[in-house]
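Q: I have a model open and would like to talk it through with you. Can we start with how far to trust it, and then go on to the fold?

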Amino acid sequence: MVHAEAEVVAQDQGNALLVRLASELVAARRAVSCLVAPMPGDKVLLSGARETGLWVIAVLESRNPGQQLLLDGDTRLVVRNGDLSLQSDKNIALDADSIGLRAKSTLNMLCERAVSTCAQWLGHVGLYRLVGKEMETAHEHVSTHAATAVRTTEISETVRAGHLDCQVEGVLEMHGHATFMSGKTLLKFDSEQVHLG
């Protein structure tokens with residue numbers, strides 16, 4: 001029976017390891033309970049019988065700058081009767097083909113600056129409310145569709161366009177305490193009836 005410290009010499013893509021036990025090189029496998037992936041040069045705890053196979057059950061000391069938690073197959077992290085917090089002094093990165101977030105009640109995000117870059121962004125919400133001090137948008141093309149639209153500007157609103165086309169199927173109403181319409185070269189009213197005054 002073996003239960004001693006050893007040094008990792010080499011590893012393959014799986015869980016097979018080559019370790020140095022005293023002055024002897026022996027083959028071993030990483031145990032499921034050894035979540036930290038052993039790397040060459042690491043000091044590990046070796047346990048088991050030579051007849052049935054030796055297992056690396058823990059990484060005692062690592063000479064590598066970064067650690068890797070390695071799990072084989074589908075994995076689920078479950079916390080019962082408590083909270084789960086992830087904290088890093090630097091960065092937290094998620095890298096996967098697909099990432100899903102699901103919150104039963106509320107999803108909160110608090111940050112000083114948020115940056116999102118994607119080829120396509122789709123969203124379906126029942127109520128969308130955005131409150132801020134200033135908003136700037138820049139698009140090559142903007143298209144909106146709504147059954148009813150209401151826009152309120154308390155102070156002033158300015159629209160500048162190379163060409164403005166407004167088409168209404170029903171009635172177009174313009175009201176103001178003072179209304180000014182001017183054209184540099186032409187101002188034209190075209191209708192079956194025109195009432196002024």
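Q: Where is confidence lowest in the protein, and where is it highest?
A: This is a predicted model, and its confidence is lowest in S1, with a mean of 92, and highest in S5, at 95.

Q: What does the protein average in pLDDT?
A: The average pLDDT is 91, and 100% of the residues score at least 70.

Q: OK, on to the fold. What do the strands build, and in which order do they run?
A: They build a closed barrel of five strands in the order S1-S2-S3-S5-S4, and the pairing is mixed. From one strand to the next, the twist averages 55°.

Q: How many bridges join S1 to S2?
A: There are four bridges between S1, which covers residues 2-11, and S2, which covers residues 16-21, and these two strands run antiparallel. They form a hairpin with four residues between them.

Q: Which residues in S2 are the bridge partners of Glu7 and Ala10?
A: Glu7 has Arg20 as its bridge partner in S2, while Ala10 is partnered by Leu18 in that strand.

Q: And S1 with S4, how many bridges there?
A: Six bridges join S1 to S4, and this pair is antiparallel; one example is Val2, whose bridge partner in S4 is Gly48.

Q: Changing topic to the inside: which residues of the largest nonpolar core touch the most other members?
A: Those are Val19, Leu46 and Val56, in a core of 13 residues.

Q: Which strands supply this core?
A: At least two residues come from each of S1, S2, S3 (24-30), S4 (43-49) and S5 (53-61). As a general background, nonpolar side chains in soluble globular proteins tend to be buried together.

Q: What does Val56 touch?
A: Leaving aside residues up to four places away in sequence, Val56 touches a list of residues that includes Leu17, Val19, Ala28, Cys34, Pro38, Val44 and Leu46. Arg29 and Arg30 are also among the residues it touches.

Q: What about Ala58, where is its place?
A: Ala58 is in strand S5, and it counts as partly exposed, with a relative accessibility of 24%. With residues up to four places away in sequence not counted, Ala58 touches Cys34, Val44 and Leu45.

Q: How far apart are Ala58 and Val32?
A: They are 26 residues apart in sequence, and their C-alpha atoms are 9.9 Å apart in space.

Q: Now cysteines. How many disulfides does the count come to?
A: The count comes to zero disulfides.

Q: Why is Cys111 too far for a bond?
A: The closest cysteine sulfur to that of Cys111 is in Cys118, and because the two are 16 Å apart, they are too far for a bond. A disulfide would need the sulfur atoms within 2.5 Å.

Q: Last topic, the backbone: what is the phi of Ala22, and where does Ala22 lie?
A: Ala22 has a positive phi of about 60° although it is not a glycine, and it lies in the loop between S2 and S3. Ala22 is exposed, with a relative accessible area of 71%. For context, most residues other than glycine have a negative phi.

Q: And what about Asn81?
A: Asn81 has a positive phi of about 60° too, and is not a glycine; it lies in the segment after S5 and is exposed, with a relative accessible area of 86%.

Key. Residues are numbered from 1 along each chain as its sequence is written. This is a predicted model: local features need pLDDT of at least 70, side-chain atom pairs count only at pLDDT 80 or more; totals for chains, interfaces and linings use all residues. Side-chain values use heavy atoms; hydrogens and water are left out. Two strands pair if DSSP finds at least two bridges between them. Axes are lines fitted to C-alpha atoms, for helices over the stretch in contact, and angles run from 0 to 180 degrees between N-to-C directions. A nonpolar core is a set of buried Ala, Val, Leu, Ile, Met, Phe, Trp, Tyr and Cys residues joined through side-chain atoms within 4.5 Å. Buried means under 20% relative accessible area, exposed over 50%, partly exposed in between (1.4 Å probe, protein chains only). Contact means heavy atoms within 4.5 Å. pLDDT is the predictor's confidence in each residue, from 0 to 100.
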